[in-house]
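User: I have a structure to read and I am new to this. Can you take me through its features in turn?

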Amino acid sequence: EIQHLQKQLQTAQTQLQMQQNETTLSQNQLSSRTKEMSLRQEQYTSRFTYQNERIKDLEQQMSSLYTAVDVLNEEHSGEKEKNVNALKENLYSADEEMARLICIEESQLKNKGPCHVS
């Protein structure tokens, strides 16, 4: 009977040891998974931070490009206005010259006095 009880005690101790080992293994696995998830969280946070910085940088570049385009448009507009004014001056000068030549031609045909075209 004592041997039977000792055998049961030994079996119970063995089962207890196995359960303790399983518990320790489960705790180690849980700890490992927790560390892994923490690392992944840090990686995602780092990636999102980097992406946000990159987005801000691209927004600043776009803003600079829009500003540059606006400056170029203003310069182009100024040059266009200068060109329009120069063309108007040329047109007025050509118109005056044509009027003067027509007047001279008409006065020569009709033997009139000199033309006065301003």
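Analyst: Begin with a pair of residues. Asp57 and Arg54 sit 3 residues apart in helix α1, so about one helical turn separates them. Helices here are DSSP runs of H or I with at least four residues, numbered from the N terminus.

User: What should I know about the model itself?

Analyst: This is a predicted model, in which local features need pLDDT of at least 70, side-chain atom pairs count only at pLDDT 80 or more, and totals for chains, interfaces and linings use all residues. Residues are numbered from 1 along each chain as its sequence is written, and side-chain values use heavy atoms, with hydrogens and water left out.

User: What do Asp57 and Arg54 form with each other?

Analyst: A salt bridge. The term means a side-chain nitrogen of Lys or Arg within 4 Å of a carboxyl oxygen of Asp or Glu. In this pair the closest N and O atoms are 3.4 Å apart.

User: Are Asp57 and Arg54 buried, partly exposed or exposed?

Analyst: Learn the scale before the case. Buried means under 20% relative accessible area, exposed means over 50%, and partly exposed lies in between (1.4 Å probe, protein chains only). Asp57 is partly exposed at 31%. Arg54 is partly exposed too, at 39%.

User: How many salt bridges are there by this rule?

Analyst: The count comes to 3. One of them joins the side chains of Glu36 and Arg40, at 3.1 Å from N to O. Both residues lie in helix α1, 4 residues apart, or about one turn. Glu36 is partly exposed at 34%, and Arg40 is partly exposed at 40%.

User: Which residue does Arg100 meet in a salt bridge?

Analyst: Glu97, with 2.6 Å from N to O. Arg100 has a relative accessible area of 35% and is partly exposed. Glu97 is also partly exposed, at 35%.

User: How do I judge the span of helix α1?

Analyst: Work out an expected span: 1.5 Å times one less than the number of residues. Helix α1 has 109 residues, and 162 Å is expected. From first C-alpha to last it reaches 157 Å, close to that value.

User: What follows α1?

Analyst: Asn111 does. Its phi is positive, near 55 degrees.

User: Which residues make the nonpolar surface patch?

Analyst: Met98, Leu101 and Ile102 make it, and the patch covers about 280 Å². Patch residues have over 30% relative accessible area and no salt bridge; nonpolar side chains (Val, Leu, Ile, Met, Phe, Trp, Tyr) are joined within 5 Å, like charges within 9 Å. Accessible areas come from the Shrake-Rupley method with a 1.4 Å probe; for residues, only the protein chains shown count as cover. Met98 is in helix α1, which runs over residues 2-110.

How values were computed:
Helices (H or I, at least four residues) and strands (E, at least two) are DSSP runs, numbered from the N terminus.
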